[in-house]
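Biologist: I'm new to this one. Could you walk me through how to read it?

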Amino acid sequence: MNRFLRGLFAVLIAAALYGLPRLFTMDYYLHIFVMSEIYAVLALSLGLIVGFAGQVSMGHAAFYGMGAYVSAILGTRWGWPFWITFWIGGIFSGVVSYGIGRLVLRLRGHVLAITTAFFGVLVMVVMNNWISLTNGPMGITGIPRPTPIEAGSVRLVFESRIHYYYLGLFFVAGVLYVLYRLTNSRLGDAMVAVRENEELAKSLGVNAMKSKVFAFTAGGFIAGLAGSFYAHYILFISPVTFTMNESINMLVMVIFGGMSTLFGPILGAVSLTILPEFLRMAGEMRLVIYGFALILFIVWLPMGVWGTLKNRLFSGKA
Amino acid sequence: MLQAKNLSVRFGGLKAVENVSLGVAKGEIMSLIGPNGAGKTTFFNLVSGFLKPTAGTVHFMDSDITGLPPNKIAGMGLVRTFQKTNIFADVTVAESIKIGFHLRRKAGFFDILTAGKVSRQENRDIGKWSEDILSFTGLFSWKNYLVKNIPYGKQRMLAIALALAAEPKLLLLDEPATGLNPVETQELMDIILKIRDEKKMTVFLIEHNMNLVVSISDRLAVLCYGEKLTEGKPAEVSQDPRVIEAYLGRGFSYAAS
């Protein structure tokens, strides 16, 4: 693709994303769009850990939840504005995932998956039982919305879903840009090296542990940001949102869309947020159909939807 | 350049490498030979940091590298290949070479995030660097293939190309000719000589193919049951009765002498 076509393509996508909420104006649709954005960020952050660095984490919802709780607690108790607690939530999750990463990333494969899953459970237990801080199973209510941005005569408010939709677009774009830079750098290549063959990576001078911990920390940080965004969008959080089911859900999005690509997790997140809504008309059978569809996809397209398409279209050497 | 002193490693009661002292001089091709199970690969593992010695020291370019982790040792300019075919299987040849440049890429975190000077320059350089190495090793026409799909001989060559991408001062090759046909072996010999003469790297290799060893090595060392039997010029070593005995048994050594 030459420069002009690529530019045109980008403009078309931007226009489509801009126009989408004007076309589907119902609150119900807008909610699905905003949730798709949040899941896109989560799947991207998990994709860095699972897809690029090759370390299976089944406790990603813990970092999502920590970001949400830290941000919500700071916002409700001390009235700190979203624009600050957003970053604090992310940094908190990032610091915790750095510590956990240093501990658990010496493990591999199934053992690592189970250990991270237990960490997820542990965080849930804390959320449920440290009542003086987290209000336990009752959750935290009355989380403030982001304060309006005022710059001269322009005043941006965040009151309805459509505002969150546009804010979310910036969020996804920012995360996508950062991950694009990272995965096209020596840091990203080191992750791929560790995923493909840790022994060989070491012999070429890659510090495997450092590389894995870096992916885990960056993934945790971004998930924390997503948690904060979620908390200040839904305005109510409780432990049931951040269960192991949620972790698995994110993992499925990454695998479904295509690991070790950037577009794959986004595709996975958006389609797996929207697809279950379509299946609502199937009533009780909804989850059964959904489960079967996932199994079939994973059997037939093990590289994920986007991973398979990309190979077919661009390299032809699969 | 590389100096191992009284290097030993024991696995329980098994003395895999026992009191071996060996030196490699700058600019030479040195070979390590010996019967199967003599401890050659174990010796490489000790030198490159994949195993920690129980006794003895390793010095490389005047610094003590005993017990350092492999990535540190690679960073100092000592890079090894593996006896088994060790490759990044699920990426293309070009992508895999890109990974090999890890040590030559220096862009910092913020430089990467902001698409700064260093990282942009780096991403431009990589194209040229990989072209050089791929043509040097004769892999250029395979660059868009997935590594797992290229022929075995090319995969072996790619492992060497990867090590070269790290720009080592001393290259350790562990049985590079294993499984290669005669034509590929000849290509390999030419490339090893070119590595010494054009790239000015020192080469230290383990090999069973005597034809290759004798024709390209400047010096040979022989290991047997974890101990060094002898070292010297290929012609001398191959006449040494102890070496013949180690390979062929006692009866032949009398016949040969």
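**Where the chains meet**

Modeller: Let's start with one pair: K84(B) and E199(A) form a salt bridge, their closest N and O atoms 3.1 Å apart. The term means a side-chain nitrogen of Lys or Arg within 4 Å of a carboxyl oxygen of Asp or Glu. This is a predicted model, where local features need pLDDT of at least 70, side-chain atom pairs count only at pLDDT 80 or more, and totals for chains, interfaces and linings use all residues. Residues are numbered from 1 along each chain as its sequence is written, chains are lettered from A and ligands numbered from 1 in the order in which they are written, and side-chain values use heavy atoms, leaving out hydrogens and water.

Biologist: How many salt bridges are there between chain B and chain A?

Modeller: The count is two.

Biologist: And how do I read the area buried between chain B and chain A?

Modeller: Interface size is often given as the accessible area lost when the parts come together. Here it's summed over both parts, with a 1.4 Å probe. For chain B and chain A that comes to about 2800 Å², with 60% from carbon and sulfur atoms. On the chain B side, F88(B), H102(B) and I112(B) lose the most, together 22% of what that side buries.

Biologist: How many residues does the contact take from each chain?

Modeller: Contact means heavy atoms within 4.5 Å. Chain B gives 38 residues and chain A gives 27.

Biologist: What share of chain B is buried?

Modeller: Buried means under 20% relative accessible area (1.4 Å probe, protein chains only). In chain B, that's 52% of the 257 residues.

Terms used
Buried area = accessible area lost by both parts, 1.4 Å probe. Buried < 20%, exposed > 50% of the residue type's maximum accessible area, 1.4 Å probe, protein only.
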